[in-house]
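Try each one yourself before reading the solution.

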Amino acid sequence: MSQRAVSIPCEDGAVPAAVLGPDAGSAPAGLFVVPSIFGPAPDLLASLSEFADRALVVVPDPFWRVGGGVVPYDQHDAAIGRLKGFDLRRCIADLEAALDWTRERVDGPVVGLGICFGGPFVLRFASEQRLDGVVTWHGSRMQDHLDRAERIRCPLRLHFGSADPITPPEAIDRIRGVLAGHADVEIAVHPGADHGFSHEGRAYDEKAARAGLDAIAELLLR
């Protein structure tokens with residue numbers, strides 16, 4: 001396994017991304033990750049390294065146009081500050097370029113992982129048939145991004161915390177209702193887990209985080 005930094009050409013520049021997995025040739029599967037507002041954090045890359053022997057793992061930086069890089073989890077205000085003046089259209093185009101780059105290097109399915117901020121993006125890409133499976137960890141405000149849900153055909157594995165104030169029980173109920181007719185969806189609500197349960201630090205919940213990783217493994221092995 002190797003970890004390296006790459007620059008992926010996009011509309012008017014290059015998206016920085018952290019890549020785990022094969023150095024050369026095509027991988028049997030891909031894992032495309034849209035991280036939280038804190039960016040491609042070291043603990044995230046460390047946890048995803050367990051998939052590097054079976055997939056090309058690509059974690060682009062959605063915030064490269066506004067400073068980019070990793071913001072420590074205890075600097076929440078700084079991370080939120082990157083959303084001021086954030087250009088959503090450009091971000092979507094950047095992520096599409098990174099996803100296309102990933103697909104070009106993979107022989108098999110590409111699974112999308114959306115974390116917090118990244119949750120709505122992977123739902124969007126699934127509705128456009130760009131992904132072969134979706135996993136989300138404490139996805140933020142996903143209930144407001146379900147207008148294309150009927151177009152999603154791939155498996156969905158959505159993980160939430162029961163104590164998450166950003167995605168409270170009523171929001172999860174709405175998501176569950178909209179996706180009730182989907183052929184292959186599992187929505188897991190982890191008791192006592194807070195928002196950011198996959199992040200190293202105060203909110204970390206080992207059981208919920210492990211379940212989220214197991215969901216990725218399940219879809220990659222299909």
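Predicted model: local features only at pLDDT ≥ 70, side-chain atom pairs only at ≥ 80, totals over all residues.

Residues are numbered from 1 along each chain as its sequence is written, and side-chain values use heavy atoms, leaving out hydrogens and water.

**Exercise 1.** Work out where H138 sits and whether H138 is buried or exposed.

Solution. Start with the place: H138 is in the loop between β6 (133–137) and β7 (156–161) (strands are DSSP E runs of at least two residues, numbered from the N terminus). Next, H138 counts as buried because its relative accessibility is 0% (buried means under 20% relative accessible area with a 1.4 Å probe, protein chains only).

**Exercise 2.** Find the polar partner of the H138 side chain in S198.

Solution. Look at the side chain of S198: the side chain of H138 makes a polar contact with it at 2.9 Å (a pair of N or O atoms within 3.5 Å, one able to donate a hydrogen and the other to accept it; residues adjacent in sequence count only if both atoms are side-chain atoms). Then check G196, whose backbone nitrogen lies 3.5 Å from a polar atom of the H138 side chain.

**Exercise 3.** Which residues do ring pairs link into a cluster?

Solution. Ring pairs (Phe, Tyr or six-membered Trp rings with centres within 6.5 Å) link F63, F86, F117 and F121. Finally, F117 and F121 are both buried.

Conventions:
Buried < 20%, exposed > 50% of the residue type's maximum accessible area, 1.4 Å probe, protein only. Phe/Tyr/Trp six-rings, centres within 6.5 Å; stacked < 30°, edge-to-face > 60°. Helix = DSSP H or I, 4+ residues; strand = E, 2+ residues; numbered from the N terminus.
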